[in-house]
Amino acid sequence: MVNPIVGIIGGGQLGSMLAAAAKKINIGTVVFCDDKDSPAKNFSDEFIFGSYHDDDKINEFINKVDIVTFEFENIPYQTLKKINEIKKVLPKPEINLLVQNRLSEKDFLNKINISTTKYVSVKNDKELKSNIDLLPGILKTCTLGYDGKGQYKINSSEELDNLSPDFKKEFILEKLINLKKEVSVIITRFSKERYEIYEPIENIHEDQILKYSKIPSDINNNTSEKSKDWAVKIAEELDYIGTLCVEYFIDKNDNLYVNEIAPRVHNSGHLTINSHNISQFENHIRAICGLKQIKIKKIYDAKMVNLIGDDISLYRQKKFKDNEFFFDYLKKEIKKKRKMGHITVTKKC
Ligand code: ADP
Ligand code: MG
C-alpha cells in the first residue's frame with residue numbers, strides 16, 4: 001500500500017510537530033491554516049492558506065489528502081463534518097463537538113462516573129449570583145477558551161458586582177479546586193482496547209499557561225493508576241482514534257478530577273519526542289493512518305520548559321548540551337504570553 005497523505009488542520013506548533021513526525025516515517029502532509037504565516041508551513045510538504053469557512057479552499061485541501069486530522073479543537077464543526085463526508089476525519093468530528101463545550105464535556109465525564117470539579121451553567125447575572133456556593137470559583141466561557149483566555153477567577157461574592165462577563169456567550173462556573181498538583185495522561189488509541197499510554201506527566205502552569213512538564217510525576221501509585229484507567233475509559237467510550245490528552249487536577253487530599261480532555265496531541269507531551277522511542281505525534285500519525293502499533297518504551301526521564309514571549313530570544317543565542325533539545329517554533333512575531341518554543345532536558349532513568 002502506498003503511504004497516505006495526511007491533511008492537518010491548523011498550523012501552529014502542534015501541526016508543525018505532527019508534520020515533522022509524519023515526515024520521519026515517510027508520510028506526506030498538507031497543512032490547512034487560516035494564518036498565512038503559520039509555523040507549520042516550514043515543516044509540512046504542502047501548505048494551504050484559507051479560511052475554515054471557505055468552501056473552495058476546503059475542497060482544494062480535501063482533494064490533496066487521503067485522511068484528515070487537526071491540531072486544535074476549535075475548528076467549526078460544520079467544516080469537519082463536510083470534510084468527513086469525503087475524506088475520513090480522525091478523531092471523528094462528533095468527539096470534537098462534545099469536548100469543544102466545557103459543559104457537554106463535563107456532563108459526559110460525570111455520566112461515565114469520572115469526577116470533575118462541581119460546575120453549573122451560567123447564562124446571566126441572576127444565575128451567577130444564585131450559585132455563590134460554588135465560590136471561590138472560575139467563570140469560564142463554555143467554548144473557544146485556551147491558555148486561560150475567557151476566564152474570570154472569583155474569590156468571593158463581593159467580587160461579583162465588579163464583574164461584567166459578556167453574557168451573549170455561554171458560561172460555566174466551576175468551583176476552584178485547592179490544587180496540590182496537575183498532571184496529564186496522553187494515550188494513543190489504535191482500535192478497540194488497543195492503545196499505547198504514556199505515564200502521567202506533571203505540569204506547572206503560570207498565569208494559566210503551561211510552563212513546565214516532567215516525567216516521572218511526583219504522585220502516588222494509586223493516583224497514577226487511576227489517572228491512566230480514566231484515560232483509557234474516556235478513549236474507549238469515545239471510540240477515539242489517535243492521540244488524546246486528559247488533563248487532571250489533584251487536590252490537597254489526593255482526590256483526582258478531570259479538568260479537560262484535549263482531542264489531539266498536547267503541549268505536555270512535547271517531552272515524549274525525546275523521552276520515548278515513539279512520540280505522541282508519531283503515535284497519532286500511526287493510529288490515524290492504521291499503521292503498525294509499536295509498544296512504547298521510555299528511554300529517558302525528561303523535563304520540558306515552554307519558552308513564552310521574549311524567553312525565546314535568549315535561547316536562540318544559546319549553546320546546548322547533548323541532553324538538551326531546543327525547539328524553535330519559527331513564529332514570525334514574538335508576542336507576550338505566546339508560546340514561542342520549548343526546551344526538553346533528558347536524564348538517564
Ligand atoms: P484552558 O482551556 O485555557 O487550558 P483550563 O480550564 O485548563 O483552561 O484552565 C487553565 C488552568 O487554570 C488550569 O490548568 C489550572 O491551573 C487553572 N484552573 C482552571 N480551572 C480550575 C479549577 N476549577 N480549580 C483550580 N484551578 C483551575
Ligand atoms: Mg487546559
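Start at ligand 1, where a polar side-chain atom of E260 sits 2.8 Å from one of the ligand's oxygen atoms. That's a polar contact, meaning a pair of N or O atoms within 3.5 Å; within protein, one must be able to donate a hydrogen and the other to accept it, and residues adjacent in sequence count only if both atoms are side-chain atoms. N259 does likewise, with a polar side-chain atom 2.8 Å from an oxygen atom of ligand 1. K175 comes in through its backbone: a polar atom there is 3.0 Å from a nitrogen atom of the ligand. The protein covers 92% of the 540 Å² of accessible area that ligand 1 has on its own (Shrake-Rupley method, 1.4 Å probe; for residues, only the protein chains shown count as cover).

Keep in mind that this is a predicted model: local features need pLDDT of at least 70, side-chain atom pairs count only at pLDDT 80 or more, and totals for chains, interfaces and linings use all residues. Residues are numbered from 1 along each chain as its sequence is written, chains are lettered from A and ligands numbered from 1 in the order in which they are written, and side-chain values use heavy atoms, with hydrogens and water left out.

Now step back to the shell. Ligand 1 has 20 residues around it, the closest being K140, G148, E182, N259 and E260 (near means a heavy atom within 4 Å). By class, the shell has 6 nonpolar, 6 polar and 8 charged residues; Ala, Val, Leu, Ile, Met, Phe, Trp, Tyr, Cys and Pro count as nonpolar, Asp, Glu, Lys and Arg as charged, and the others, Gly among them, as polar. Strands β6 (137–141), β8 (171–175), β9 (179–191), β13 (242–251) and β14 (256–262) each supply at least two shell residues. Helices (H or I, at least four residues) and strands (E, at least two) are DSSP runs, numbered from the N terminus.

Where does ligand 1 lie relative to the domains? Domain 2 (118–175) and domain 3 (179–348) both give residues to its shell, so it lies between them. The bounds come from an automatic or database domain assignment, which also gives domain 1 (5–89). In domain 1, 20 residues are in contact with 22 residues of domain 3 (heavy atoms within 4.5 Å).

Finally, look at the loop between α6 (125–129) and β6, where P136 lies. A cis peptide bond joins L135 to P136, with omega about -5°.
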